[in-house]
Amino acid sequence: MSEASDIAVVRSLLFPWWDGHARDLPWRFGRTTPWGVLVSEVMSQQTQMSRVVPYWIAWMEVWPDARALSMASSAEVITAWGRLGYPRRALRLQSCARVVTEAYDDVLPRSYEELTALPGIGDYTASAVMSFAYGERIAVIDTNIRRVLSRVFLGIESQGGTASREERELAARVLPQDADESVTWNQTIMELGALVCSAKNPQCEQCPLARVCAFNLAGKPGLGHKPTRPRQHFKGTDRQVRGLILEALRTLPSGSRISHDDVAALWPVTGQLDSCLASLDEDGLIEIHPDSSVSFPS
Ligand code: SF4
């Protein structure tokens, strides 16, 4: 399909689909603050949105704004992060909350430059906040959007790694001029990638773009092929060991420590356990005391 003439066709097929299929996530449809949108985006990095919902609801009840989060203890924040994974994100979000509170009087800034200068906020999150929270016209580029745009307009799989210049240019070219439409466009392409146009098993027969998608029309050449490094299995990894240590701390009453013996019982490979303890300590997620007991940071 030729891109320039068919962007309008894609849009005309996509927007009704969004109206009928968009998930009713609690941070959508103007029901939360820009800070709430940012929290949802940080939680959704590396974690499926459907899994994020209960965590986001509980989190926003306790810490509805940056100021509230900035006053929480690290232990509370790491505990509330629960099983969302990659818990350093929780501490970075709290660092971000402290800057927003102190430098911006608890109002999340709205320029790209200010947002990307906040701790833990990169290109994707800044763009998502500008689009979804502030309604600005900006191309949001995440894995789902890259995959869908590349398939629909170029007829090929997007490449792994960071977004290429071609992918960024494509995302900018096809973005609707109207700001409101650009927001719906970003959300819809992302949602289609999450629900229908999955990496390995796209449901083309249920897709509103089936008859115009270049990838589908070409017979899905090289489906799922990506020159990326193979996915690491979870079992036996440092991620698993770090998760076990944090989970053990979460189950204790606030302020408690785990003794060295109890920590040692968590994992049989002593060298790996020690290096995971060291890395958690380095990341500021735990504190190791002189008697080798472990606690959340005070
Ligand atoms: S037709 Fe298939 S490959 Fe194309 S966007 Fe839809 S689900 Fe993805």
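Q: Where does Asp-105 lie?
A: In the loop between α6 and α7 (112-116). Keep in mind that this is a predicted model.

Q: OK, what's its phi doing?
A: Asp-105 has a positive phi of about 50°, although it is not a glycine. Most residues other than glycine have a negative phi.

Q: Is Asp-105 buried or exposed?
A: Asp-105 counts as exposed, because its relative accessibility is 55% and the cut-off for exposed is over 50%.

Q: And Asp-106?
A: Asp-106 is in the loop between α6 and α7 too, and its phi is positive as well, about 70°. At 22% relative accessibility, Asp-106 counts as partly exposed.

Q: Switching to α5: which residues are buried there?
A: In α5 (residues 74-81), they are Ser-74, Ala-75, Val-77, Ile-78 and Trp-81. Looking down the helix axis, the buried residues of α5 fall within an arc of 165°, so they line one face.

Q: What do they pack against?
A: The buried residues of α5 pack against α2 (34-44), α3 (49-62), α4 (66-70), α6 (88-104) and α13 (238-250).

Q: What follows α5?
A: Gly-82, with a positive phi near 50°.

Q: Now the ligand. What surrounds it?
A: The residues around the ligand include Arg-151, Phe-215, Asn-216 and Cys-197, Cys-204, Cys-207 and Cys-213. By class, the shell has nine nonpolar, one polar and one charged residues.

Q: Which helices supply at least two residues of that shell?
A: α9 (143-154) and α12 (214-217) each do. The space the ligand takes up is the largest cavity.

Notes:
Residues are numbered from 1 along each chain as its sequence is written. This is a predicted model: local features need pLDDT of at least 70, side-chain atom pairs count only at pLDDT 80 or more; totals for chains, interfaces and linings use all residues. Side-chain values use heavy atoms; hydrogens and water are left out. Buried means under 20% relative accessible area, exposed over 50%, partly exposed in between (1.4 Å probe, protein chains only). Helices (H or I, at least four residues) and strands (E, at least two) are DSSP runs, numbered from the N terminus. The arc is that of the directions from the helix axis to the C-beta atoms. Contact means heavy atoms within 4.5 Å. A residue is near a molecule or strand if one of its heavy atoms lies within 4 Å of it. On a 1 Å grid over the protein atoms alone, a cavity is a set of points where a 1.4 Å probe fits but cannot get out, and a pocket is an open set with protein on both sides within 12 Å along at least five of seven lines; lining residues have an atom within 4 Å of a point. A molecule sits in a cavity or pocket if more than half of its atoms lie within 2 Å of its grid points. Ala, Val, Leu, Ile, Met, Phe, Trp, Tyr, Cys and Pro count as nonpolar, Asp, Glu, Lys and Arg as charged, and the others, Gly among them, as polar.
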